[in-house]
Amino acid sequence: MSKKDKTLTEILDFILYENPSTQDEIAEKLGITRRYVTQLLQPLIKDGTVKRAYVIDLKRYEEIAESLGDYTSSKEATGNVLLNDMLLNMAKHVHSQLETSFDAVLEFDEKKANKALEMDFATNNMVEKIRTSVETIVSINQRSEFSKSMLYTEVAYDLERIGDYCGHIAKFVINDIYEIDENVLKKLKNMYKTAQKMINLSMKAFIEGKTELMEDLMELEDSIHILQSKAINLIATQMAENSFDEKERSNYFIYLFRVIKAFERMGDISVEIMDVSIEFHENIPRSTTPRTFRY
């Protein structure tokens with residue numbers, strides 16, 4: 001493989017897995033000039049292989065990979081391996097988005113809150129890349145199991161929903177003028193840690209097939225609901241001690257309830273991802289009975 005071809009594959013690999021927003025970002029990461037990135041990508045942009053916002057047409061990409069000899073076999077860049085990598089990368093991004101959102105709350109840092117909201121643009125872009133990749137892979141491989149392939153898109157949308165709830169947490173800092181009471185904050189810290197654990201377990205189940213983690217996940221779900229109840233009771237006590245004539249104070253409680261609800265919903269979504277994992281790896285159809293009526 002020539003040096004030029006090697007650089008091109010590195011650029012395409014970076015686009016697939018890292019979701020860059022600009023050619024400057026690609027150039028900086030790979031240690032090459034932006035001009036050289038433009039030179040290599042321009043023909044691929046013209047023929048539709050690489051679309052603006054840096055989405056790759058996987059059908060054309062597969063043809064390019066084959067023309068570059070042993071690159072395909074060494075990287076295994078197609079099919080479920082590619083989708084797993086894209087989904088794992090999205091999960092890492094959402095993890096960072098949640099961390100940034102809650103750090104903004106802990107430090108009452110509006111700059112970090114805005115950064116967390118900006119990160120949601122990348123989250124949305126990742127969903128679209130996974131969706132189009134699934135459609136392309138299904139069209140390339142007619143023998144693929146369509147229903148199973150579509151579950152990748154379902155998990156990606158679940159991660160996007162978690163990203164949306166990260167936004168609710170970040171907006172608390174932007175919309176409010178009060179810092180959170182220390183006792184309530186302790187409960188939120190525990191909810192945050194529990195939500196992160198639940199997201200990690202559910203993604204581990206889907207990516208690695210470790211569906212036996214379901215029991216651990218359900219224990220964490222019980223924990224997050226208990227924490228939610230305790231946090232709500234603390235806030236209810238504080239509300240009783242404050243006058244609702246104070247509009248700003250009233251808004252504070254409304255936004256705080258949204259933060260608590262955001263963590264609780266992240267836990268619920270993690271359970272939904274686990275259900276998808278069981279369907280995917282064990283071929284067990286999910287129950288049509290709502291979870292609240294199963295026990």
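The model is predicted, and the protein averages a pLDDT of 82, with 78% of the residues scoring at least 70. The protein holds eleven helices and two strands, arranged along the sequence in the pattern α-α-α-β-β-α-α-α-α-α-α-α-α.

**Confidence**

- Among the elements of the protein, the highest mean pLDDT, 95, belongs to helix α9 (residues 182-208), whereas the lowest, 39, belongs to helix α5 (residues 71-75).
- Over residues 70-78 the pLDDT stays under 50, and for this stretch the model has 16 contacts beyond four places in sequence.
- The pLDDT is also below 50 over residues 288-295, a stretch that has eight contacts in the model beyond near neighbours in sequence.
- Where pLDDT is low, the predicted coordinates should not be read in detail.

**Overall make-up**

- Of the 295 residues in the protein, 47% are buried, and the accessible surface comes to about 15,200 Å², of which carbon and sulfur atoms hold 49%.
- When contacts in the protein with a separation of 6 or more are considered, 74% of them are between residues 24 or more positions apart.

- Side chains of opposite charge can pair when their charged atoms come close.
- D24 and R34 form a salt bridge in which the closest N and O atoms are 3.3 Å apart; because D24 lies in helix α2 (residues 23-30) and R34 in helix α3 (residues 34-46), the pair ties together parts that are ten residues apart in sequence.
- Both ends of that pair count as partly exposed, with a relative accessible area of 45% for D24 and 44% for R34.
- E107 and K112 meet through their side chains in a salt bridge, at 3.1 Å from N to O; E107 is partly exposed at 45% relative accessibility, and K112 is partly exposed at 27%.
- E272 forms a salt bridge with R161, and here the closest N and O atoms are 2.8 Å apart; E272 lies in helix α11 (residues 247-282) and R161 in helix α8 (residues 146-175), so this pair ties together parts that are 111 residues apart in sequence.
- The relative accessible area is 29% for E272, which is partly exposed, and 26% for R161, which is partly exposed as well.
- R161 and E272 also belong to a network of salt bridges that links them with D158.

**Helix α3**

- The 13 residues of α3 should span 18 Å at 1.5 Å a residue, and the end C-alpha atoms of the helix are 18 Å apart, which agrees with that expectation.
- At L40, α3 bends by about 35°, and a proline, P43, follows within four residues.
- An α-helix has 3.6 residues a turn, so residues three or four places apart point the same way.
- Just after α3, G48 takes a positive phi of about 90°.

Definitions and conventions. Residues are numbered from 1 along each chain as its sequence is written. This is a predicted model: local features need pLDDT of at least 70, side-chain atom pairs count only at pLDDT 80 or more; totals for chains, interfaces and linings use all residues. Side-chain values use heavy atoms; hydrogens and water are left out. pLDDT is the predictor's confidence in each residue, from 0 to 100. Contact means heavy atoms within 4.5 Å. A salt bridge is a side-chain nitrogen of Lys or Arg within 4 Å of a carboxyl oxygen of Asp or Glu. Buried means under 20% relative accessible area, exposed over 50%, partly exposed in between (1.4 Å probe, protein chains only). Accessible areas come from the Shrake-Rupley method with a 1.4 Å probe; for residues, only the protein chains shown count as cover. The expected span of a helix is 1.5 Å times one less than its number of residues. The bend at a residue is the angle between axes fitted to the seven residues ending there and the seven starting there.
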